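Biologist: I am new to this structure and would be grateful for a close look at a single part of it. Please take the salt bridges as the subject.

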Amino acid sequence: MPSGSGATAFRTERIDHPPAGAAMRGHGATGLAKFWKLQLQDFPDGRPLNRPLGTVFLLKAAVDYIQSQLQVEMAMSDRRRSDAGTLRVERVLIGPIVPTLLALAAPMVLVLTVQAGINLVETHFIGGLGVEPLAGAAMVFPIIMLMQMVASGGLGGGIASAIARSVGAGERDRASALVGHGLILATLCGSVSTMLGLAIGPMIYRTFDGSATTLQAAIDYSDTVFAGAVLLWWSNALASSLRGSGEMLATAAIILVSAITAVVLSPCLILGLGPFPRLGMVGAGLAILSYYGLCTLGFLGWLGLVGTGWRRLVGFERDLFAEILSVGGLSTIMALQSALAVIIVTGLASGYGSLVLAGYGIGSRLDALLVPPIFGLGAATVTMVGINVGAGQTRRAEQIAWIGALIAAVVLETLGLLAAAFPRAWLGLFTDDAAVLKTGARYLHAVAPFYGCLGVGTILHFAAIGAGCPRGPLFGITARFLVAAGGGAMVAGLLHGTPRQLFAMVAGGLVAFAIINAVFVLRGSLGAAPVSPAAGRRP
């Protein structure tokens, strides 16, 4: 170290940085104190250099040390997460089926219940704006729900199935790549949804018989939601990625936190509470987007795609897109068929008059109440079947499918028989009109005893989706559509049948749905789908 009177003195030797993971593996202030002690041990007076260049050297060394410690912590965190993921997959592959299935399903049941609750809460606050905004929201709500169905059950089903099979085969790099390809597809779908929603939405709403104020409320609400539709698609794609890898608990936690935040924001943005401006229907749309936006950020953080992790999304592989779309494309068609069947049957019921329509409406609301438990169990079935098929355990995948179907059948059939035996216990929550109650009771007497068929068909449908073989579910959904909607149109239109006969066709659709899905599973459809080359060769 040269020195001289009035001359600039600075240290020219290289300052050795402590290696991460050696003697310097301290944490927090203790580790940093050890670092500075080593850096200053060459100075007799124990003082750091007060020359600029020497200070720069020391600061750079400190920064490098902190970065090395962060890298160690990140590596340890990744290791812990990897170990936890391995244990989770092993439980799916060799653990007891019923407890594992129910443990995976419980968080998803909570998630679906929360999502349904968000819609009810937002509707309540929109009601504070008046009747016409409420009517405007009613115009838009079915279209948003249809988009949600396609994003979750269509594209999301393809993503979850592909990732589950890759995880089961031990191909974690392929599973990570599928997340990125799923996001690319979600971006495309979200962009198309935005363009269609903004261009065609107002034309659709003008076909409804509503006042100018109602129409404007619908357009304001719709334009806001569809402007940010890509958030809905991203959120569902990422949630499906987590479900496919068995991360049900993380998915539920992120959705729950996002939902609570959105519920708090809803009245503030809609009604202008506190420092927020009163945005009305625009605020209602922003509240929905805040929910999907927060979910997206939470999922990205959990999947580790923030920061340097974005490089995982670089690159396009045609076979990965094909793997997602081979299931997701047909699942989208099935979701559209289901929605169309409900629309057609509702239209047929309206042909018998407003009282019959009202009775059918409140009776069929019980069908919607079955969605959280049945789809929660179905999501768990997709994961377990997909992972086992990917690992080459087709026989265990079939056992999971049938056990899940049995659980769903028992639960739903019990609810159905109770509803058929005591219809007024449910219908009386909505009306006391005798004519409406009579029609609602007829619906429950005809359809509710077949809820067990709905449970069997739905779980076997999800099992085939998880296995990457959507042909059976497609035939099942098509049969349900033809019997319920096609047969219903023949009964109500051509044969001039009674509402009871129309409802019998709805029940017949459930029976056909269950039988066809069961036949395909019995014929070995869960082992018929091509899986990745590593299937059955877990490391």
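With which residue does Arg 174 form a salt bridge, and how far apart are the closest N and O atoms?

Modeller: The model is a predicted one. In it, Arg 174 forms a salt bridge with Asp 319, and the closest N and O atoms of the two are 3.4 Å apart. Arg 174 belongs to helix α5 (residues 172-206) and Asp 319 to helix α10, so this pair ties together parts that lie 145 residues apart in sequence. The two partners can also be described by their accessibility. Arg 174 has a relative accessibility of 19% and counts as buried, because the cut-off for buried is under 20%. Asp 319, at 40% relative accessibility, counts as partly exposed.

Arg 174 has a further partner, Glu 323, with 2.6 Å between the closest N and O atoms. Glu 323 lies in helix α10 and Arg 174 in helix α5, so here the parts tied together are 149 residues apart in sequence. Glu 323 is buried, its relative accessible area being 12%.

Glu 323 also meets the side chain of Arg 165 in a salt bridge, at 3.4 Å from N to O. This pair links distant parts of the chain, with Arg 165 in helix α4 (residues 131-168) and Glu 323 in helix α10 (residues 318-350), 158 residues apart. Both Arg 165 and Glu 323 are buried.

The structure holds three salt bridges. Through shared partners, salt bridges join Arg 165, Arg 174, Asp 319 and Glu 323 into one network. As for the setting, the chain has 18 helices and zero strands, and 49% of its 539 residues count as buried.

How values were computed. Residues are numbered from 1 along each chain as its sequence is written. This is a predicted model: local features need pLDDT of at least 70, side-chain atom pairs count only at pLDDT 80 or more; totals for chains, interfaces and linings use all residues. Side-chain values use heavy atoms; hydrogens and water are left out. Helices (H or I, at least four residues) and strands (E, at least two) are DSSP runs, numbered from the N terminus. Buried means under 20% relative accessible area, exposed over 50%, partly exposed in between (1.4 Å probe, protein chains only). A salt bridge is a side-chain nitrogen of Lys or Arg within 4 Å of a carboxyl oxygen of Asp or Glu.
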